[in-house]
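Hi there,

I am passing a structure on to you, and I hope you enjoy looking through it. Please open it first and then read my notes below.

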Amino acid sequence: MGGCSTRAWPELLVLLVLPGSAWLWVGSAQPTPPGPTHPPRPQLRFRLAGYPRKHNEGRVEVFYNEEWGTICDDDFTLANAHVLCRQLGFVAATGWAHSAKYGKGVGRIWLDNVNCAGHEKSIGDCKHRGWGNSDCSHEEDAGVVCKDERIPGFKDSNVIETEQSHLEEVRLRPVVSGGRRQLPVTEGIVEVRYKDSWAQICDQGWDSHNSRVVCGMMGFPAEKKVNRNFYRLASKSQPKQKRREDVGPKKRLFTERQQLNYRLHSVSCTGTEVHLSMCSFEFHRGNSSAACGSGMPAVVSCVPGPLFATGSAHKKKQRQQQQQQGQPRIRLKGGARVGEGRVEVLRSSEWGTICDDRWNLQSASVVCRELGFGSAKEALTGARMGQGTGPIHLNEVQCRGTEKSLWNCPFRNITQEDCKHTEDAAVRCNIPYMGYENLIRLSGGRSRFEGRVEVAVGAGDGDQPRWGLVCGEGWGTLEAMVACRQLGLGFANHGLQETWYWDASNVTEMVMSGVKCAGHEMSLSHCQHHGASLSCRNTGTRYAAGVICSETASDLLLHAPLVQETAYIEDRPLHMLYCAAEENCLASSARLANWPYGHRRLLRFSSQIHNRGRADFRPKAGRHSWVWHECHRHYHSMDIFTHYDILTPNGTKVAEGHKASFCLEDTECEEDVAKRYECANFGEQGITVGCWDLYRHDIDCQWIDITDVKPGNYILQVVINPNFEVAESDFTNNAMKCNCKYDGHRIWVHSCHIGDALSEEANKRFEQYPGQLNNQIS
């Protein structure tokens, strides 16, 4: 949204796409080459349209002869739907709809009385009355329901977008100039793109519902009352000097130097629309500068959410409100950008997901506003933000769009046969324009997704920024995650500390060092860093930080119940532990033992590690740099893949273990998912999306050495990918915790759960657990 400009301009732009581009655009699956005796066949394109719908269903629209049109439902069959679904990129159809179930289309009705056998490569190959020859109305527009499985090679498009009309862009233009303009812009004149300029909206009849829609588009959850008298000064014909006196010596109204050009009037929104183009309105004709009569340009003032609040007083007020409300009962997970992710809700002290049945923009907008963002840009279905775990709490959520919380919307309780996590609902919300993407860029990479990181410093109002490099010392995956988010390029694939191979820029000065991010920040400037006092041991350009970004990422998760079911104690003789000792899988006191006599007491359990993300989990190191271990006779693709710890209730570590990834492979996969990684014969290592890797309890190092642990109540903790060596979409679910009681002979493990699966209150109860008095676990 910032283009290539190096300045963070304050105008907010929201794209309201033309009718044609708001939908799924797909070329014909296999265009038929022209024969020697026939003229070239027009290229056909297809899209699913209509509302409400899911990503794999909708009204079928065909682009023929440079015009979009529909298909009549006369004589329509499932065979027709099969052909159309394949051309839309789905493997087959599961049904079809008649009588404009997804709403009436506009324009031409291109096909009627279509009769396909089902094997045709294109709908044009089926029998029909001829292009444009129809006796139907749009009340007979046909729709299809496609099987939710994509043909390999087609672009993923599980998106429900809104129908939009002829408004292309809307912006909020601030009218007061003072010193440096602050982002985000929360108040200003509403303007719409008209030809090559901007036009105003007449505010006659303008109300808070209209303002709510505009604020939602701009990324703000709510609107507030605006002082219209302040702006009315600008629309009166007064001498400039007089108007400056009215508004103060340091302020100037922009509208003084711009002739008003009204293009819209009689705007009427209900407040639930996600775009201004969905409201009713009229265009002005003729002399637009005098079209508003006694009115003035529409002005709105918006309330920013907590992430975008400016000013200490405003932030303090919002913090107080959050403290009074307690822990939020809704969150987003798995998204690369701020304001997007899988929707999860807190119910009965446990986080769970929402099934995507009947999921639409109204419900998604309620979620977005509740979280402090604007209205929903997209309502995503089909686990587009990765699959969740645990319960699916809600189904068929049906919000009107006016609710303060998702919990105020009607919904249906889930039953076991209703939904799977492959149907988890997600959202993309409108967020305020902050201009962060203008303060960072990549150079030297083979594509726009990779390169050496360059940041802008000293970009004051009217000043040209000075571009410089980031010191690679200490740069890792978390820092790269923030850089990729700021660039708008998704997740980080790798964070690189040396970039000599990307030496293609004339920028050579280091301007930022000591960067240490938590991973959730919106900009590198929000992370800890050294500020003006740089400290970088290697200041040459080859030691500048770099990134490789990716639209998708893996997400590893431990299957907690299996740990609980398989935990047991084994006293293993020392003479059987030489290889384990070589790989540092025993406690440090083992070095003082009387080898090969005696034994070590081991807490054993199985680990089943699932990849629930949207990209395969691959070791950072390639095969050429894997380490061979002669004793166990295998390669390590990651030296530390998991940490195993025994903690006291107050968090003190009393025993620890670790597991190298000597064989990351697909042990088993979900139905319809094929295994891709196998360790045999020096094969590629990794975990495919939808598969899991099983480390059985009876293999070496799959334990914690508890020989020195005294009887008592403890916490067993397992952390996957503890050093963030490989990028994931969500690191908060990498830890698993269990309560355990050890009496010196036996161990009871219970209450195992993923670290972020419970409410804050339930987590406190877990940590304050007084311990087992006996072996009866309720």
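Here are some notes on its cysteines.

This is a predicted model, in which local features need pLDDT of at least 70, side-chain atom pairs count only at pLDDT 80 or more, and totals for chains, interfaces and linings use all residues. Residues are numbered from 1 along each chain as its sequence is written, and side-chain values use heavy atoms, with hydrogens and water left out.

A search of the whole structure turns up 16 disulfides (a disulfide being a pair of cysteine sulfur atoms within 2.5 Å).

Strands here are DSSP runs of E, at least two residues, and helices are runs of H or I, at least four, numbered from the N terminus. C269 is buried at 5% relative accessible area (buried means under 20%, exposed over 50%, partly exposed in between, with a 1.4 Å probe and protein chains only).

Another disulfide links C471 to C536, S to S 2.0 Å. The torsion about its S-S bond is about 75 degrees, so this disulfide is right-handed. C471 sits between β28 (466-470) and α7 (477-487), and C536 between β30 (510-512) and β31 (546-550), so the pair ties together parts 65 residues apart in sequence.

C517 and C527 also form a disulfide, right-handed with 100 degrees about the S-S bond.

Finally, what about C740? Its closest cysteine sulfur, in C738, is 7.5 Å away, too far for a bond, and C740 is buried at 4%.

Best wishes
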